[in-house]
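User: I want each label on this model set against its definition. Please keep it brisk.

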Amino acid sequence: EALALLVSGDIDVLAGVLLSGILNVMNQDPTVKAVADRGHIEPGACTYQAIVVRKDLYESGQVTSPVDLKGLPVSAVSSGPSGFLVSSYLAQAGLKLEDVDLGEIPSAAYIDAFNNKTLAAVSSTDPVMTGLLDAGNAVILARAEDILGVYQSSLMYFGKKLTLDDPDLGARFMAAYLKGVNQYNQGKTDRNLQILADNSGESLDVLKKACWPAMRQDGSVDYAGVEPFQNWAIENGFLEKGVTQEQFYDPSFLEAARVLLNQ
């Protein structure tokens, strides 16, 4: 819904994940651009995204590797980041998404689905993942950083008003955003925890336990971390053709913001 509003000009900024739909839009509309990192997966960082499996399946030895998921009910969005993670994990055993019973259930239903055994595994991110693990019937089967390496999972996107009509406004917005990133990267301070609790509805306890996605201090986007997702989307028919780095990413707003911030 937000992507359609970005294209129509009803919203000017989208903070969202990397999706096939966004890449498709960029193939048609050169005014929609990724402009900054909003979160990425990297080896050595805290595990923000993972494939989580029911504890009884793991402890019994029934599900401990990719091949063991064959035919089992798994929750993920087939064309999105969660589907990309599950697909990449299954590929280690020569399997595809079609080899599992793939569905999509709301994250609020994960705990019940695990408890009543209607779901075997799910691709999840924090803080939802921490809540699921704390419920006691789930364990991490595979970590995103181990499967994907460096993955540019989330970005800030600008629409036509900022990329074409009023780039100076886009630069000022980006300067404010980089101030926010600097505050965020101070970590789990009392202030940051309270801000997140007030705006997310999550408890302080969950936010303290949960992993926070890594964000580059300078806001830069790693296009090399986009290409694996794009290649996968093309291979699976979610994307007709890929976009170039120039089509995807406009670093000029970060550059202008650093001037405004005297960086």
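**Labels and cut-offs**

Analyst: The 19 positive charges (Lys and Arg) and 33 negative charges (Asp and Glu; His and the chain ends are not counted) of the protein chain have mean positions 3 Å apart. Each charge is placed at NZ of Lys, CZ of Arg, CG of Asp or CD of Glu. This is a predicted model, where local features need pLDDT of at least 70, side-chain atom pairs count only at pLDDT 80 or more, and totals for chains, interfaces and linings use all residues. Residues are numbered from 1 along each chain as its sequence is written, and side-chain values use heavy atoms, with hydrogens and water left out.

User: What makes the link of Cys46 and Cys211 a disulfide?

Analyst: A disulfide is a pair of cysteine sulfur atoms within 2.5 Å. In Cys46 and Cys211 the S to S distance is 1.6 Å, so the pair meets the definition. The structure holds one disulfide.

User: Why is the link of Cys46 and Cys211 called left-handed?

Analyst: The angle about the S-S bond is -60°. The pair links distant parts of the chain, 165 residues apart.

User: How many of the contacts in the protein chain join residues at least 24 apart?

Analyst: The share is 77%, among contacts between residues at least 6 apart in sequence. Contact means heavy atoms within 4.5 Å.

Definitions and conventions. Helices (H or I, at least four residues) and strands (E, at least two) are DSSP runs, numbered from the N terminus.
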